[in-house]
Amino acid sequence: MSPELLSIVIPSYGGRDSLRPLISRLRTVMSERGQRFEVIVVNDASPDDSWEVLGELVREFPELHAIDLMN
């Protein structure tokens, strides 16, 4: 039986530089634990280009979902 899906929800405001390392590290840790997971990042009118970075990351990491509260 596979483990239950763990949902990790992260707010992103000004997180452009930290998003890639964070998602990469979460993927590594959860995979090592054998944990099924999804990461939901919520962008709340971030003044940097966090939303654009999330768009790139979503294509790279299938377990990542991004929500833009301003659209």
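The model is predicted, so local features need pLDDT of at least 70 and side-chain atom pairs count only at pLDDT 80 or more, while totals for chains, interfaces and linings use all residues. Residues are numbered from 1 along each chain as its sequence is written, and side-chain values use heavy atoms, with hydrogens and water left out. Helices (H or I, at least four residues) and strands (E, at least two) are DSSP runs, numbered from the N terminus.

**Helix α1**

- Helix α1 covers residues 16–33, and its 18 residues should span 26 Å at 1.5 Å a residue; the end C-alpha atoms are 27 Å apart, which agrees. The expected span here is 1.5 Å times one less than the number of residues.
- L19, I23, L26 and M30 are the buried ones in α1; buried means under 20% relative accessible area, exposed over 50%, and partly exposed in between (1.4 Å probe, protein chains only).
- Look down the axis of α1 and its buried residues fall within an arc of 65°, so they line one face of the helix. That arc is taken from the directions from the helix axis to the C-beta atoms.
- Turned away from the buried side is a face of α1 with the exposed residues D17, R25 and E32.
- The buried residues of α1 pack against β1 (6–12), β2 (37–43), α2 (50–60) and β3 (64–68).
- Just after α1 comes G34, with a positive phi of about 75°.

**The nonpolar core**

- A nonpolar core is a set of buried Ala, Val, Leu, Ile, Met, Phe, Trp, Tyr and Cys residues joined through side-chain atoms within 4.5 Å. The largest one here has 14 residues, and I23, V39, V41, L57 and L64 have the most contacts inside it.
- Two or more residues come from each of β1, α1, β2 and α2, and α1 gives the most, with four residues.
- Skipping neighbours within four places in sequence, V41 is in contact (heavy atoms within 4.5 Å) with I10, S12, L19, I23, L54, L64, H65, A66 and I67.

- N43 sits in strand β2 and counts as buried because its relative accessibility is 4%. Not counting residues up to four places away in sequence, N43 touches S12, S50, W51, L54, I67, D68 and L69.
- I8 lies in strand β1 and, at 17% relative accessibility, also counts as buried. Leaving aside neighbours within four places in sequence, I8 is in contact with L26, M30, F37, E38, V39 and I40.
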